[in-house]
Amino acid sequence: MDPTDGSAVTTNSKKGSALVIGASSGMGASLVRQLVDEGYAVGGVARRGESLAGLAEELEGAAGRFVHRTHDVTDAAEAPGLFDELVSELGGLDLFIYAAGIMPEVGPEEYDSEKDLAMVDVNLGGCITWTNLAARLFHTQRSGTIVGIGSIAGDRGRKGAPVYGATKAAMATYLESLRNRLAERRVRVVTVKPGMIETPMTEHLDQLMMPVSAERAAKEILKAARGGLLEVRHVPLRWLPVSLIIRAIPSFLFRRTSI
Ligand SMILES: NC(=O)c1ccc[n+]([C@@H]2O[C@H](COP(=O)([O-])OP(=O)(O)OC[C@H]3O[C@@H](n4cnc5c(N)ncnc54)[C@H](OP(=O)(O)O)[C@@H]3O)[C@@H](O)[C@H]2O)c1
């Protein structure tokens, strides 16, 4: 934690309570903005305290309120205490979103275990650490919604992203298990599979295929969280048929593509 941590109370009105892990930029920050604008009490966690404080400043006067803490999701020992503290400050929890993730550039001839295991720690380890805390609470209270931001990159083993894709595939399987486990407790578990979204994560890429803004992605993520048949939701939805086609390509052909 650092001195930029804070509890920016803007109003007493409360529509619900949400916790966003990976709230300092991109889709996580857009989700915070939309939820606070709607009147939610929102907790946000990330490493960059200044970005969280900037977001809190931006949201002063909005319908809801934003409390935030700096935290590295690879610090599993710190997570349970922080979770309890934030849930208490928010006055309960209805919606949990795991949006933290890293995707370092990996060269075609690079096999760097340090870089690869860092992705496992954040994208998968952090997800399990934090989502288990929300799952336990929602199991007990018999309500709540869990959203995990995976990726279409987890649908196939791509040349360009061996471990990034593997972390997203594992995340999808973990979330499916939680969904099956928590269904009888009336807990909704949504796996979001974004396509190309314009965020700091993708700004180094020369060109994005069919990109959409983080704001639009956040809107669609919240819509999926609130209902509908699709608990595995491609964002935007037009990536669903693309994903189905990509999954159907036989391996001997897929390895010749540059996808
Ligand atoms: N953009 C796309 O096209 C795309 C497509 C598919 C899936 N996704 C997934 O969408 C999610 C959100 O990414 P984004 O595109 O919005 O990118 P982003 O702007 O880079 O957001 C990533 C978030 O994760 C947080 N984070 C990273 N490492 C962390 C750590 N060790 N501890 C705590 N927080 C950490 C970052 O905060 P700090 O740096 O402040 O810690 C930031 O808030 C990621 O899981 C990503 O894999 C993105």
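**Exercise 1. State what share of the chain is buried.**

Solution. Take buried as under 20% relative accessible area, with exposed over 50% and partly exposed in between (1.4 Å probe, protein chains only). Buried residues then make up 48% of the 259 residues in the chain. The model is predicted: local features need pLDDT of at least 70, side-chain atom pairs count only at pLDDT 80 or more, and totals for chains, interfaces and linings use all residues. Residues are numbered from 1 along each chain as its sequence is written, and side-chain values use heavy atoms, without hydrogens and water.

**Exercise 2. Count the helices and strands, then judge how compact the chain is.**

Solution. Helices (H or I, at least four residues) and strands (E, at least two) are DSSP runs, numbered from the N terminus. The chain holds eight helices and ten strands. Its radius of gyration, taken over C-alpha atoms, is 18 Å, close to the 18 Å of the globule rule for 259 residues, so the chain is as compact as a globular protein of that length. That rule is 2.2 Å times the number of residues to the power 0.38. Along its principal axes the C-alpha trace spans about 60 × 40 × 35 Å.

**Exercise 3. Find where the predictor's confidence is lowest and highest among the elements.**

Solution. pLDDT is the predictor's confidence in each residue, from 0 to 100. The chain averages 94, and 95% of the residues score at least 70. Over residues 8-13 the pLDDT is below 50. Where pLDDT is low, the predicted coordinates should not be read in detail.

Technical notes:
Contact = heavy atoms within 4.5 Å.
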